[in-house]
Amino acid sequence: MSLVRRAVPEDAEELLRLRQILIDSMAGADTSTGWHAESLATVRGRLADPDGGFAAFVVDHPERAGALGALVVGTLEYRIGRPGNPHGRIGYVFSVATDPGVRRRGYARACMEELVVWFRGQGVGQIDLTASPEAAPLYESIGFVRTPDPLMRLKF
């Protein structure tokens, strides 16, 4: 039996806790937590909709009941088709996080593998993510490769 399961609405607070661990690890990130209360209902709603193009796969914390040990989240996106992906379905991975107390046990890898299976079942033609230098070896071992596409962002 797999340690990995699809997250449910009752996991929303723990998803936010693990996402905050990820945010806190990024140099220069805004590490405030006031957004959690406002985000909680949205996350619960997304987790309650299994067909909404949003999926989170988790591993329960082995030592703390009700806590999560690892998390991987992905969304489905659509872009106009192109060679190699004529239907334009793209998976995007974000919020890959492991509780510091249970790292190096393969939990993030197991969650990623389940998310990849889910994306394949959704008919995606490619999966994108951004990777820190520390996380890149994990993604490369699964088959991800660096691309020359520079990322730019506009915030409102």
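This is a predicted model: local features need pLDDT of at least 70, side-chain atom pairs count only at pLDDT 80 or more; totals for chains, interfaces and linings use all residues.
Residues are numbered from 1 along each chain as its sequence is written, and side-chain values use heavy atoms, with hydrogens and water left out.

The sheet comes first. Helices (H or I, at least four residues) and strands (E, at least two) are taken as DSSP runs, numbered from the N terminus. Two strands count as paired if DSSP finds at least two bridges between them. On that basis there is an open sheet of five strands in the order 1-2-3-4-5, with mixed pairing. Strand 1 and strand 5 sit at the edges, each pairing on one side only. On average, neighbouring strands of this sheet are turned by 25 degrees against each other, direction ignored; axes here are lines fitted to C-alpha atoms, for helices over the stretch in contact, and angles run from 0 to 180 degrees between N-to-C directions.

Going through the pairs, strand 1 and strand 2 run antiparallel and are joined by three bridges, with Val4 standing opposite Val59 in strand 2. Strand 2 (residues 54–60) then pairs with strand 3 over seven bridges, again in the antiparallel sense, and Phe57 has Val72 of strand 3 as its bridge partner. Strand 3 and strand 4 (residues 89–98) are antiparallel too, held by eight bridges; Leu76 is partnered by Gly91 in strand 4. Strand 3 (residues 68–78) is largely enclosed by the rest of the structure, because eight of its eleven residues are buried (buried means under 20% relative accessible area, exposed over 50%, partly exposed in between, with a 1.4 Å probe and protein chains only).

Now for the helices. Helix 1 lies across strand 2, strand 3 and strand 4, and runs at about 90 degrees to strand 3. Glu14 lies in this helix, residues 12–24, and is buried at a relative accessible area of 15%. Leaving aside residues up to four places away in sequence, Glu14 touches Gly66, Ala67 and Leu68, contact being heavy atoms within 4.5 Å. Helix 3 (residues 107–121) has 15 residues, and its end C-alpha atoms are 21 Å apart, which agrees with the 21 Å it should span at 1.5 Å a residue; the expected span is 1.5 Å times one less than the number of residues. Its buried residues include Tyr107, Cys111, Leu115 and Trp118, and what covers them includes strand 5 (126–128) and helix 4 (136–142). Just after helix 3, Gly123 takes a positive phi of about 80 degrees.

Ser95, at about 55 degrees, is found in strand 4 and counts as buried at 5% relative accessibility. Arg104, near 70 degrees, is found in the loop between strand 4 and helix 3 and is exposed, with a relative accessible area of 85%.

Finally, the largest pocket holds about 1,400 Å³ of space. On a 1 Å grid over the protein atoms alone, a pocket is an open set of points where a 1.4 Å probe fits, with protein on both sides within 12 Å along at least five of seven lines; lining residues have an atom within 4 Å of a point. Grid points are joined across faces, edges and corners, and the volume is the space filled by probe spheres set on the points. The lining has 32 residues, and Leu22, Val96, Ser132, Ala135 and Tyr139 lie nearest the centre. Helix 1, strand 4, helix 3 and helix 4 are the elements that each give two or more residues to this lining, and strand 4 gives the most, with seven.
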